[in-house]
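Here is a friendly set of notes for anyone opening this structure for the first time. Please keep the 3D view at hand while reading.

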Number of protein chains: 2
Amino acid sequence: MTQDPLQRTLKHIDQNQTQAIDRLKELIAIPSISTLPEHQKDCDSAAQWLKHQLEPLGFEVSIHPTHSHPIIKADYTASTGSYVVFYGHYDVQPVDPISQWHHPPFEGKIKDMDGKKVITGRGASDDKGQMMTFIEACRAFIHETGSLPCSVTCILEGDEENDPSAISTFLKTHKPQLENADCLLICDTQNWNEHTPAITTSLRGLVAYELTLSGPASDLHSGMYGGVIQNPLQVLCQLLGSIHDRHGHVLIPGFYDDIHVPETLRNQARQLPFSPDSLLEETGAQAIWGEPNHSIAETLWFLPTFEVNGIIGGHIGDGCKTIIPSVASAKITCRLAPGQQPMAITTHIEQFLKQHCPSGTKLTLKSTCEGMPGLAINPDHQLMYTIQNALNDEWQARPALIGFGGSIPATIAFHEILNIDCCMLIGFASRDDNIHAPNEHFGLSTFHRGTRSWARILWALGLPS
Amino acid sequence: MTQDPLQRTLKHIDQNQTQAIDRLKELIAIPSISTLPEHQKDCDSAAQWLKHQLEPLGFEVSIHPTHSHPIIKADYTASTGSYVVFYGHYDVQPVDPISQWHHPPFEGKIKDMDGKKVITGRGASDDKGQMMTFIEACRAFIHETGSLPCSVTCILEGDEENDPSAISTFLKTHKPQLENADCLLICDTQNWNEHTPAITTSLRGLVAYELTLSGPASDLHSGMYGGVIQNPLQVLCQLLGSIHDRHGHVLIPGFYDDIHVPETLRNQARQLPFSPDSLLEETGAQAIWGEPNHSIAETLWFLPTFEVNGIIGGHIGDGCKTIIPSVASAKITCRLAPGQQPMAITTHIEQFLKQHCPSGTKLTLKSTCEGMPGLAINPDHQLMYTIQNALNDEWQARPALIGFGGSIPATIAFHEILNIDCCMLIGFASRDDNIHAPNEHFGLSTFHRGTRSWARILWALGLPS
């Protein structure tokens with residue numbers, strides 16, 4: 001009976017949760033904050049800790065130095081099944097403000113929260129807890145059956161929160177091996193809700209700019225010149241105020257060009273209930289915004305945005321200062337819809353701004369990041385059905401095909417460099433896990449079900465297609 | 001021959017310039033910076049110094065303490081002529097940045113500048129040098145003729161650069177005496193050019209606000225919420241960007257109500273040549289702005305402005321931060337045209353902003369100063385002609401009737417509290433005197449001609465009307 005090894009593996013997982021949680025605690029205890037130089041050694045320790053987890057299971061583990069933190073590559077060659085590349089990251093965000101944590105962030109304390117048991121700590125959800133669901137699934141298979149049902153390469157990096165170039169360089173170097181993968185599994189996203197898993201099938205891209213407008217050579221007395229010399233801060237407001245209509249539709253010609261969202265994903269987005277009330281509760285905003293002919297999910301996942309993130313200009317100290325400021329600048333980021341490329345968006349924005357900038361003010365638009373395209377994966381790939389069924393078996397709920405309105409640089413790097421058609425973002429975090437915030441945590445039952453989910457997926461990927 | 005005493009007085013002035021300059025040097029040497037508490041004693045010393053100048057001339061001098069720096073009242077009662085109140089101030093601006101001064105700011109060094117002799121130092125022009133032109137004219141009259149040709153009260157304050165409420169309180173207290181003045185003379189403004197004196201006949205008023213827009217309860221991740229939650233910084237840009245048309249005309253209904261400029265002043269403003277090229281050179285701006293059907297002078301003097309002086313919102317540090325900021329605010333000041341009142345303008349602005357603010361964003365508009373009305377004096381007052389003729393006699397050039405685009409709180413206080421119809425702003429500063437800046441200076445020939453001008457004016461005001 002072919003199900004036997006899977007059932008034994010699932011049982012093994014169920015019976016060894018305490019040990020699995022203890023191992024996660026050990027990993028949480030290593031403060032591998034990638035953005036702070038004083039934690040360089042902790043990042044090294046986390047990499048070593050993972051090596052010591054994977055080697056005894058039969059993985060061939062190598063630690064690859066980068067210009068920043070090391071990347072672990074762990075290969076397991078099975079005699080049958082597909083070849084799967086798994087991605088996770090061992091680095092975590094800083095813990096500031098530390099005073100807001102109810103428990104020390106590197107202790108992995110178990111506590112009750114809203115009637116559920118959670119493990120607390122920085123990285124408990126993002127991404128140590130999630131990454132360990134996959135490793136624990138591999139461990140259970142190997143302990144119970146002596147091998148994995150398919151070939152696996154784990155790539156575990158230490159710069160997800162820090163520097164996307166480390167993984168890019170690594171992928172370029174190892175492309176000859178990795179591009180042979182049948183499927184890429186990335187575990188760093190959310191489930192749809194407590195009862196429903198999700199496959200994240202689209203990401204928005206990102207471009208970032210600094211827009212500067214220069215007027216007079218220095219700040220001017222507004223009494224002596226007010227009315228005859230144009231104020232660059234006001235020009236900035238006019239330009240940035242002319243970007244959107246009142247519903248948030250961006251008026252830059254070409255801004256909505258090249259959006260490509262497979263119909264399957266669009267239909268799914270229309271069907272997924274996205275509650276305006278819970279959005280208002282989460283954000284404290286007074287009203288929902290957005291174009292009337294798009295659902296909330298469609299807006300968040302499949303439409304580009306133009307966001308002013310900050311403005312610097314003129315007098316910002318106490319009291320009033322009657323000046324016409326000499327210069328004004330704004331920080332801008334745009335989310336790109338699936339299919340959209342940074343360079344094209346930049347061209348459209350630049351043309352629009354230059355066309356609308358009055359002649360007396362000098363405009364410069366500087367790109368401040370490399371830019372990432374928006375991405376939608378192919379929802380009709382054969383392995384998509386295989387994995388959806390495996391998740392359905394575990395959760396007794398059809399996984400939601402969801403989008404993510406943010407950008408995940410590593411995913412873009414995998415997609416662009418390795419060009420693997422089947423790229424699955426399967427994560428088990430919840431919206432309320434407080435990732436990147438004080439009191440990050442991960443539900444223990446989610447940790448358990450996540451591990452069981454990977455066991456089912458690995459088993460399904462090992463079956464003859 | 002009635003001209004004799006004036007001619008003798010003018011000759012006395014000519015022959016005693018060296019001593020007059022030495023006295024100005026003494027006054028400049030007292031660092032009476034009113035805004036810095038450590039210079040409180042210097043302000044007291046400057047007041048005492050002035051008392052010691054005026055008492056020997058026969059003025060009855062009293063020093064009036066205020067909540068800030070003392071005000072000097074010096075009364076001289078003549079047997080004939082009008083009753084004139086003269087205003088000047090002995091306090092000066094701070095000297096930062098001190099490193100940019102070519103000579104110590106409190107030495108009153110004489111140097112050549114562009115072929116002209118000037119006295120340098122903080123206050124050389126604003127207002128010690130100008131104030132002393134009047135005192136030296138009084139001194140010359142009294143030395144030469146034994147008395148002044150008309151009755152004079154000098155009010156010399158120490159808070160012009162610091163706190164307008166000191167003079168207001170003083171004027172309210174002394175209103176019973178001061179409101180009897182036939183004419184108010186204020187010496188703290190500019191001539192038209194090197195060869196042409198000026199009477200400043202209008203001032204713009206001022207209102208100041210802080211506009212705040214609140215959206216979500218805290219900064220939001222622009223990937224997770226971008227497109228469905230409105231960005232208050234963008235709303236701020238839309239509101240502030242909708243204030244002006246492309247020529248600078250303010251689109252707020254009622255914004256141009258209640259402007260009252262006497263036709264004489266408007267005609268003068270149309271005739272005065274105001275060079276766009278020199279404005280561009282002074283400011284380093286690329287272009288002149290402003291409504292096409294108004295001359296530069298009309299725009300600067302008789303039109304209100306809406307100026308964004310500063311914006312604070314979102315991320316202003318290095319790098320990019322993909323947020324929807326929670327709150328955004330702007331510092332705004334408006335110059336009011338003659339006739340306009342702060343309260344009416346505030347109502348118009350508030351109505352416009354509230355009407356155009358989208359419902360999802362909370363708007364607050366806070367006044368940050370008391371506000372000052374715009375002011376135009378009556379150019380057809382009989383004493384105006386008297387004084388114009390006196391100035392013409394000295395300069396051999398008709399004085400220009402000019403406006404000032406800024407606000408002079410003390411003038412407004414005199415006008416509103418004493419309600420004197422004839423309020424003359426006659427000053428001798430030049431545009432390039434570097435007032436409020438490093439290397440302030442005052443032309444010695446201007447100091448000389450300014451003193452002679454006051455002698456002629458005092459004489460004219462002493463003649464039977």
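The numbered points below go through the sheet, the helices and the cysteines in turn.

1. A word on the model first: it is predicted.

2. Eight strands form an open sheet with antiparallel pairing, in the order 14(A)-9(A)-13(A)-11(A)-11(B)-13(B)-9(B)-14(B). At its edges stand strand 14 (362–367) of chain A and strand 14 (362–367) of chain B; each has a single partner strand, so one side of each is left without a neighbour in the sheet. From one strand to the next, the twist averages 20 degrees.

3. Next, have a look at strand 13 of chain B and its two partners. Strand 13 (residues 327–336) of chain B pairs with strand 11 (residues 305–314) of chain B in the antiparallel sense, over eight bridges. Strand 13 of chain B also runs antiparallel to strand 9 of chain B, and ten bridges join these two.

4. Is strand 13 of chain B largely enclosed or left open? Nine of its ten residues are buried, so strand 13 of chain B is largely enclosed by the rest of the structure.

5. In chain A, helix 12 (residues 342–356) lies across strand 9 (205–214), strand 13 (327–336) and strand 14, and runs at about 25 degrees to strand 9 of chain A. In chain B, helix 12 (residues 342–356) lies across strand 9 (205–214), strand 11, strand 13 and strand 14, running at about 25 degrees to strand 9 of chain B.

6. Two helix pairs deserve a visit. In chain B, the axes of helix 1 (residues 4–15) and helix 4 (residues 128–145) come within 9 Å and cross at roughly 120 degrees, and these two helices of chain B are therefore oblique to each other. Their crossing is right-handed. Among the residues that meet here are B:Leu6 and B:Ile13 from helix 1 of chain B, and B:Ala137 and B:Phe141 from helix 4 of chain B.

7. In chain A, the pair to find is helix 4 (residues 128–145) and helix 15 (residues 444–462), whose axes come within 8 Å and cross at roughly 55 degrees. Helix 4 of chain A and helix 15 of chain A are therefore oblique to each other, with a right-handed crossing. The residues in contact include A:Met132 and A:Phe134 in helix 4 of chain A, and A:Trp454 and A:Leu458 in helix 15 of chain A.

8. Which residues of helix 5 (residues 165–173) of chain B are buried? They are B:Ala166, B:Ile167, B:Ser168, B:Phe170 and B:Leu171. Their cover includes strand 1 (60–64), strand 6 (151–157) and helix 14 (409–418) of chain B.

9. Finally, the cysteines. The count comes to zero disulfides over all chains. B:Cys369 is in no disulfide either, with the nearest cysteine sulfur, that of A:Cys320, 5.4 Å away. A:Cys369 counts as partly exposed at 29% relative accessibility, and B:Cys369 counts as partly exposed at 29%.

Conventions. Residues numbered from 1 in each chain as written. Chains lettered and ligands numbered in written order. Predicted model: local features only at pLDDT ≥ 70, side-chain atom pairs only at ≥ 80, totals over all residues. Heavy atoms only, no water. Disulfide = S-S within 2.5 Å. Buried < 20%, exposed > 50% of the residue type's maximum accessible area, 1.4 Å probe, protein only. Pairing = 2+ DSSP bridges. Helix = DSSP H or I, 4+ residues; strand = E, 2+ residues; numbered from the N terminus. Axes fitted to C-alpha atoms, helices over the stretch in contact; angles between N-to-C directions. Contact = heavy atoms within 4.5 Å. Parallel < 35°, antiparallel > 145°, perpendicular 65-115°, else oblique. Left-handed = near helix turned anticlockwise from the far one by under 90°.
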